[in-house]
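I set aside some time today to go through this structure one region at a time. My entries follow in the order in which I looked things up.

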Amino acid sequence: MSDRQLARMLALLAAALAPCTPIAAQKLRFGVADASLVVIAESSGSKALDEHLVLHEFRVIETLKGAAEETLTVIEHAHVADAPAPQRDGRRLLCLVPDRRAATPKSGGPFWRMTGYAGDNPPIDTSPASDDVLRLARTLVDAERGLDQAELADRLVTLALSGRAPAQREAIESLREREALRRRIPRIELDALLARAVAETGDVELKIALGSLCAEAGMRNTVEALCSALTHCQDERFAKALGRIAAHAHGERATAVLNPFLQQARGATRDALLLALGATATDSALAQLIQLRERQGAQPAIDAALRAHGSQRALEIVEPKRKDGGPR
């Protein structure tokens with residue numbers, strides 16, 4: 001193992017032991033991609049041009065993409081539902097596109113507007129999380145300029161393994177969205193990503209994203225490794241995601257892959273595995289769940305698994321209808 005690979009594995013172990021805070025879905029990567037201008041800037045004031053337009057002035061500190069003057073004006077369309085508006089507290093990374101509609105002889109210009117994606121104007125301070133946001137943004141801009149795909153994948157994997165929210169999740173999703181990048185992830189790094197997914201306990205959505213990435217990258221033992229993680233994480237979201245991952249990786253064989261774990265599991269872990277089985281939405285899973293219900297009778301865990309399956313047959317078993325068409 002090289003020094004670089006060893007350092008990455010040590011970073012993985014440190015990250016796995018650190019508490020993680022759940023984060024909302026962010027789409028900064030789309031903002032960077034769509035933006036004509038990406039800058040680090042800080043607010044220098046704002047004023048209302050009229051009852052419909054508010055002008056926000058920013059001093060540009062650094063330009064990452066495009067060409068910017070020392071100052072720029074970002075337009076806010078007031079009284080418009082969900083209209084994106086820049087935050088004006090401290091330094092921000094701004095993803096901007098021209099807003100030519102607002103430029104008139106009266107208003108002047110040029111004006112810019114936010115791209116409108118969630119998280120497209122994150123704060124930039126001295127925190128490690130901000131450092132990771134800038135690493136992500138610079139990486140995405142470099143990719144547009146022709147960064148080698150292997151190097152791009154390597155940078156994103158580094159963020160996925162040891163980055164902080166929200167850049168970590170953005171890096172994972174960037175890898176998931178591009179098959180060409182997933183193909184360039186070395187096996188040792190896929191092993192590290194899977195180990196990170198199994199070890200994660202504080203952020204279920206991060207656990208799911210990492211596990212999904214490994215399955216989509218073609219790791220053969222992903223489902224088995226994630227099954228073992230159910231002993232310390234029986235979260236319903238994770239169990240259902242495990243079922244979907246198993247169906248993606250194995251199709252109708254997902255039932256056969258899950259069964260050895262199901263036969264050994266007890267208590268809450270067994271309930272979670274039943275839920276995962278239902279969430280595969282496969283014919284083989286439905287047949288097994290029906291057999292279990294016939295042998296053991298109606299049980300909350302079995303019925304929850306049938307609901308997760310979602311097929312008409314499964315739902316009819318859980319909620320049979322009267323002859324007059326109404327539920328019993």
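Entry 1. Does T280 count as buried or exposed, and at what relative accessibility? The model is a predicted one, which I keep in mind for everything below. I located T280 in the loop between α12 and α13. Its relative accessibility is 5%, and the cut-off for buried is under 20%, so T280 counts as buried.

Entry 2. Next I asked what the side chain of T280 reaches. I found the backbone oxygen of L277 at 2.6 Å from the side chain of T280. I also noted a polar contact between the side chains of T280 and T282, at 3.1 Å. Leaving out residues up to four places away in sequence, I listed G243, A246, A247, A254, L258 and A285 as the residues that T280 touches.

Entry 3. I moved on to the packing of α11 against α13. Helix α11 covers residues 254-264 and helix α13 covers residues 283-296. I read an angle of about 40° for the pair, and their axes are 10 Å apart. On the α11 side I noted T255, N259 and L262, which meet S284, A285 and Q288 of α13. I sorted the residues of this contact by type: four are polar, two are nonpolar and none is charged.

Entry 4. Which residues of helix α14 are buried? In this helix, residues 300-309, I wrote down A301, I302, D303, A305, L306 and H309. I then looked up what they pack against, and found α12 (267-279), α13 and α15 (312-318). After α14 comes G310, and I noted that its phi is positive, near 80°.

Entry 5. I turned to strand β4, residues 91-98. I found β4 mostly covered, with six of its eight residues buried. How many bridges join strand β1 to β4? I have six, and the two strands run antiparallel; β1 spans residues 37-48. For A41, I recorded R92 in β4 as the bridge partner.

Entry 6. I then checked the pairing of β4 with strand β5, residues 112-114. These strands are antiparallel too, and three bridges join them. Here P98 stands opposite W112 in β5. As a reminder for reading any strand, I wrote that in a regular one the side chains alternate between the two faces of the sheet.

Key: Residues numbered from 1 in each chain as written. Predicted model: local features only at pLDDT ≥ 70, side-chain atom pairs only at ≥ 80, totals over all residues. Heavy atoms only, no water. Axes fitted to C-alpha atoms, helices over the stretch in contact; angles between N-to-C directions. Helix = DSSP H or I, 4+ residues; strand = E, 2+ residues; numbered from the N terminus. Contact = heavy atoms within 4.5 Å. Nonpolar A, V, L, I, M, F, W, Y, C, P; charged D, E, K, R; others polar. Buried < 20%, exposed > 50% of the residue type's maximum accessible area, 1.4 Å probe, protein only. Pairing = 2+ DSSP bridges. Polar contact = N/O pair within 3.5 Å; in protein donor to acceptor, adjacent residues only side chain to side chain.
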